[in-house]
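Student: Could we go through this structure together, step by step? I'd like to learn the terms as we go.

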Amino acid sequence: MDKKWLPLTVTLGVAGVAVVVASVWPDDVEKPPLPQSLCHGALSRETAELIDDGQGGEVSAGAWESKGSTTDSAVFKECHVLRAGQDSAKRRGVYKLVVEGARSASGAKKGSVPLGAGFTGWALPDRAEVTLPTGCAARMGSDAPHIRASLEVPSQDEERLYRRGEKPPVDPDTATRNNATVMREVATRLAERYGCAD
């Protein structure tokens with residue numbers, strides 16, 4: 001190959017790799033190997049690590065977006081937060097975060113704690129919900145009146161633990177506080193990302 005074409009070939013090769021990488025990762029989310037934000041930018045790595053199933057391991061996430069065909073709500077983002085197994089090759093699901101359109105704001109659940117001033121939502125040891133600020137639905141492409149984020153933490157499910165005769169891996173009060181922290185960050189970061197903070 002003529003040496004004068006070599007820089008152009010290298011540049012085009014690098015650009016091709018960048019296009020492939022950009023198409024795999026969601027917009028505005030840091031690239032691998034260790035992204036600092038997870039779940040479509042809704043969680044910092046530090047906050048995502050708060051929720052654990054008692055087995056430790058490095059945190060990662062598998063996230064995707066679907067334009068649900070059975071509802072008129074255009075937003076449906078689901079993220080499974082994973083942790084590495086002891087051999088670091090296998091990953092196990094620790095919790096799930098779903099962001100979707102909703103007809104009503106989050107109401108309180110029996111025994112739950114509120115998320116605090118400025119947030120509409122609640123937290124329990126095994127699940128939590130938060131409603132994003134008014135205006136987020138339109139900015140996120142949904143024709144539902146509200147956007148709600150919900151959290152499920154199977155390892156803290158009291159009924160499941162009772163059936164198995166197991167104790168929760170994390171003290172319920174601590175788990176509730178961690179879930180509340182996660183949901184406050186989800187609401188704050190998504191509102192900032194979509195420019196719909198109150």
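Tutor: Let us begin with a definition: the expected span of a helix is 1.5 Å times one less than its number of residues, and helices (H or I, at least four residues) and strands (E, at least two) are DSSP runs, numbered from the N terminus. This is a predicted model, in which local features need pLDDT of at least 70 and side-chain atom pairs count only at pLDDT 80 or more, while totals for chains, interfaces and linings use all residues. Residues are numbered from 1 along each chain as its sequence is written, and side-chain values use heavy atoms, with hydrogens and water left out.

Student: OK, so how many residues does helix α5 have, and what does it reach from its first C-alpha to its last?

Tutor: Helix α5, which covers residues 172-194, has 23 residues and reaches 33 Å between its first and last C-alpha, close to the 33 Å expected at 1.5 Å a residue.

Student: And which residue caps the N-terminal end of α5?

Tutor: That is Asp171, which places a side-chain oxygen 3.2 Å from the backbone nitrogen of Asp173; a polar contact is a pair of N or O atoms within 3.5 Å, where, within protein, one must be able to donate a hydrogen and the other to accept it, and residues adjacent in sequence count only if both atoms are side-chain atoms. Just after α5, Gly195 takes a positive phi of about 65°.

Student: What about Thr174, is it buried or exposed, or something in between?

Tutor: Thr174, which lies in helix α5, counts as partly exposed at 27% relative accessibility. Buried means under 20% relative accessible area, exposed over 50%, and partly exposed in between, using a 1.4 Å probe and protein chains only.

Student: Switching topic, how many disulfides are there?

Tutor: Taking a disulfide as a pair of cysteine sulfur atoms within 2.5 Å, the count comes to two. In one of them, the sulfur atoms of Cys39 and Cys79 are 2.0 Å apart. This pair links distant parts of the chain, 40 residues apart, with Cys39 in the loop between β1 (37-38) and β2 (43-44) and Cys79 in strand β4 (residues 76-84).

Student: Why is the disulfide of Cys39 and Cys79 called left-handed?

Tutor: The torsion about its S-S bond is about -60°, so the disulfide of Cys39 and Cys79 is left-handed.

Student: Then which residue does Cys136 join?

Tutor: Cys136 is joined to Cys196 by a disulfide, with 2.0 Å from S to S, and this link is right-handed, with 90° about the S-S bond. Cys136 lies in helix α3 (residues 136-139) and Cys196 in the segment after α5, so the pair ties together parts that are 60 residues apart in sequence. Cys136 is buried, with a relative accessible area of 0%, and Cys196 also counts as buried, at 6% relative accessibility.

Student: One last topic: where is Arg45, and what does its side chain reach?

Tutor: Arg45 sits in helix α2 (residues 45-48), and its side chain reaches the backbone oxygen of Val59 at 2.7 Å.
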